Amino acid sequence: MATGNDALRKDWDTYFMDIAYMVSTRSRCPRRHVGTVLVQGKKLLGTAYNGAPMGVQDCEEAGCMIAEQYEVQLIDGKEQMVKKQRCIRTIHAEQNLLLFTDRADREGSTVYVTDQPCWTCANMLANSGIVEIVYHRSYPKDSDKVHNLMAGKGIVFRQLNHYEPPPQAGMEVTQ
Ligand SMILES: [Zn+2]
Ligand SMILES: [Zn+2]
């Protein structure tokens with residue numbers, strides 16, 4: 001028989017994405033907080049966020065390490081080169097997750113990540129043994145090629161719509 005709590009109980013997608021968001025609050029790069037978790041079945045096997053390597057100064061101590069990059073954007077139907085600033089001090093959350101989990105744990109597993117992976121992270125995840133990626137915030141820059149890669153590899157790649165991050169993990173990100 002259903003109990004009164006069932007309507008309030010979180011589904012698994014919400015549950016694991018909430019954890020990814022809480023993990024992201026550990027990040028000390030003011031430009032972007034990304035969190036990710038590795039899940040096999042319904043078991044949590046690892047967590048990671050974006051950050052500088054252990055034992056060296058992070059963005060809060062040394063400031064972000066800004067690199068300027070040009071990227072192609074479609075503006076009013078025309079492709080234009082737009083200058084973007086990115087912080088390159090941190091190891092991306094997804095890459096840290098791969099550094100801190102075992103291959104055997106990743107085989108057949110799902111990765112929940114607060115932000116759609118960039119091209120480099122997607123490429124590494126595609127070779128990591130995982131079979132599904134669930135993300136929340138979109139990252140338009142690499143979206144097309146990442147979608148093609150995942151389709152080619154047969155990795156389930158889905159965005160959580162109608163999802164609200166926990167309020168204590170909220171942060172505006174700079175695209
Ligand atoms: Zn930074
Ligand atoms: Zn990345």
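Two residues are in contact if their C-beta atoms, placed from the backbone, lie within 7 Å. With that in mind, this briefing describes a predicted model of a protein chain with six helices and seven strands.

**Overall form**

- From the N terminus on, the order of elements in the protein chain is α-β-β-α-β-β-α-α-β-α-β-α-β.
- The C-alpha atoms of the protein chain fill a box of roughly 60 × 40 × 35 Å, taken along the principal axes.
- A compact globule of 175 residues would have a radius of gyration near 16 Å, and the 17 Å of the protein chain agrees with this.
- Of the 175 residues in the protein chain, 29% count as buried.
- Among contacts in the protein chain between residues at least 6 apart in sequence, 58% join residues at least 24 apart.

**The largest nonpolar core**

- The largest nonpolar core has 25 residues, of which Ala20, Val37, Val111, Tyr112, Val113 and Ile133 touch the most other members.
- At least two residues of this core come from each of α1 (12-24), β1 (35-40), β2 (43-49), α3 (93-99), β5 (110-115), α5 (119-126) and β6 (132-137).
- Helix α1 gives the most to this core, with five residues.
- Tyrosine 112 touches Phe16, Met17, Ala20, Thr36, Val37, Val39 and Val134, when residues up to four places away in sequence are not counted.

**Helix α1**

- The buried residues of α1 are Phe16, Met17, Ala20, Tyr21, Val23 and Ser24.
- These residues cover an arc of only 160° around the axis, which puts them on the same side of α1.
- An α-helix has 3.6 residues a turn, so residues three or four places apart point the same way.
- The partners against which the buried residues of α1 pack are β1, β2, β5 and β6.

**Helix α5**

- Cys121, Ala122 and Leu125 are buried in α5.
- Seen down the axis of α5, the buried residues fall within an arc of 100°, so they line one face of the helix.
- The cover over the buried residues of α5 includes α3, β5, β6 and α6 (143-153).

- Strands β3 (residues 66-75) and β4 run antiparallel and are joined by ten bridges.
- Within this pairing, tyrosine 70 stands opposite lysine 83 in β4.
- Strand β4 (residues 78-87) is hardly covered, since the count of buried residues among its ten residues is zero.
- The hairpin has two residues between the strands, and aspartate 76 takes a positive phi near 50° there.
- Aspartate 76 lies in the loop between β3 and β4, and it has this positive phi although it is not a glycine.
- Aspartate 76 counts as exposed because it has 5 C-beta neighbours inside 10 Å, and a residue is exposed if the number is 12 or fewer.

**Arginine 89**

- Arginine 89 is found in the loop between β4 and α3.
- Arginine 89 counts as buried because it has 22 C-beta neighbours inside 10 Å, and the cut-off for a buried residue is 20 or more.

**Histidine 162**

- Histidine 162 lies in the segment after β7 (156-159).
- Phi of histidine 162 is near 55°, which is a positive value in a residue other than glycine.
- With 5 C-beta neighbours inside 10 Å, histidine 162 counts as exposed.
- Histidine 162 and histidine 136 are 26 residues apart in sequence and 9.5 Å apart in space, from C-alpha to C-alpha.

Definitions and conventions: Residues numbered from 1 in each chain as written. Chains lettered and ligands numbered in written order. Predicted model: local features only at pLDDT ≥ 70, side-chain atom pairs only at ≥ 80, totals over all residues. Helix = DSSP H or I, 4+ residues; strand = E, 2+ residues; numbered from the N terminus. Rg over C-alpha atoms; globule rule 2.2 N^0.38 Å. Pairing = 2+ DSSP bridges. Core = buried A, V, L, I, M, F, W, Y, C linked by C-beta atoms within 7 Å. Arc of directions from axis to C-beta.
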